[in-house]
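Thank you all for coming.

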Amino acid sequence: MNDRLKEYIHQELKKAEQALKAAQNLLADGLYDDAVSRAYYAVFHSARAALKIKGIETVSHKGLISQFALHMVKAGEVDEEYGDILRQIKEDRETGDYEPLVTFVSDEATKLVGSADRFLVRMREWIGKRIS
């Protein structure tokens, strides 16, 4: 693996970690919709890092989900749970960002931020085994 690819992956994971930290801080401040939004981006960036190792780049959020399902879940690289997390948290982020009559409550947001944390941990583990 060349240095440029390693740096790209490192930066994606750094963005994922920053987004997760922001989600945790927003959750603590009671800003649940915003916490869910940042939790999604933690998942988004860590999924992009994993796909990049496989030589896959996507241009849309929908494309990321389908490529992750195909190349990570169906390929047996990660459990189906992680594909479900990615899909669900994207839907929830869009609901929180675009539906003015829907707001998340503490329990929902806490669960989603926890799922994002679990996702990031799993992607770091998977990536760590492939970066030399």
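Here is what the coordinates tell us, taken from the whole chain down to single positions.

Let me say at the outset that this is a predicted model, in which local features need pLDDT of at least 70 and side-chain atom pairs count only at pLDDT 80 or more, whereas totals for chains, interfaces and linings use all residues. Residues are numbered from 1 along each chain as its sequence is written, and side-chain values use heavy atoms, with hydrogens and water left out.

The protein contains 5 helices and 0 strands, where helices (H or I, at least four residues) and strands (E, at least two) are DSSP runs numbered from the N terminus. Read from the N terminus on, the order of elements is therefore α-α-α-α-α. The radius of gyration is 14 Å, close to the 14 Å that the globule rule gives for 132 residues, so the protein is as compact as a globular protein of that length; the radius is taken over C-alpha atoms, and the rule is 2.2 Å times the number of residues to the power 0.38. Along its principal axes, the C-alpha trace spans about 45 × 25 × 25 Å.

As for contacts, meaning heavy atoms within 4.5 Å, residues 24 or more positions apart account for 68% of those with a separation of 6 or more. Buried residues make up 43% of the 132 residues, with buried meaning under 20% relative accessible area, exposed over 50%, and partly exposed in between (1.4 Å probe, protein chains only).

Methionine 123, if we leave aside its neighbours within four places in sequence, is in contact with Ser46, Ala47, Ala50, Phe68, Met72 and Val78.

Let me stay with helix 2 for a moment, where alanine 49 is found. Is alanine 49 buried or exposed? Alanine 49 is buried, with a relative accessible area of 0%, and, its neighbours within four places aside, alanine 49 is in contact with Ile9, Glu12, Leu13 and Ile127. Phenylalanine 44, also placed in helix 2, is buried at a relative accessible area of 9%, and, with the neighbours within four places again left out, phenylalanine 44 is in contact with His61 and Leu64.

Alanine 69, in helix 3, is partly exposed, with a relative accessible area of 28%, and its C-alpha lies 9.2 Å from that of leucine 86, 17 residues apart in sequence. Asparagine 2 sits in the segment before helix 1 and counts as partly exposed at 48% relative accessibility; the C-alpha atoms of asparagine 2 and serine 60, 58 residues apart along the chain, are separated by 25 Å.
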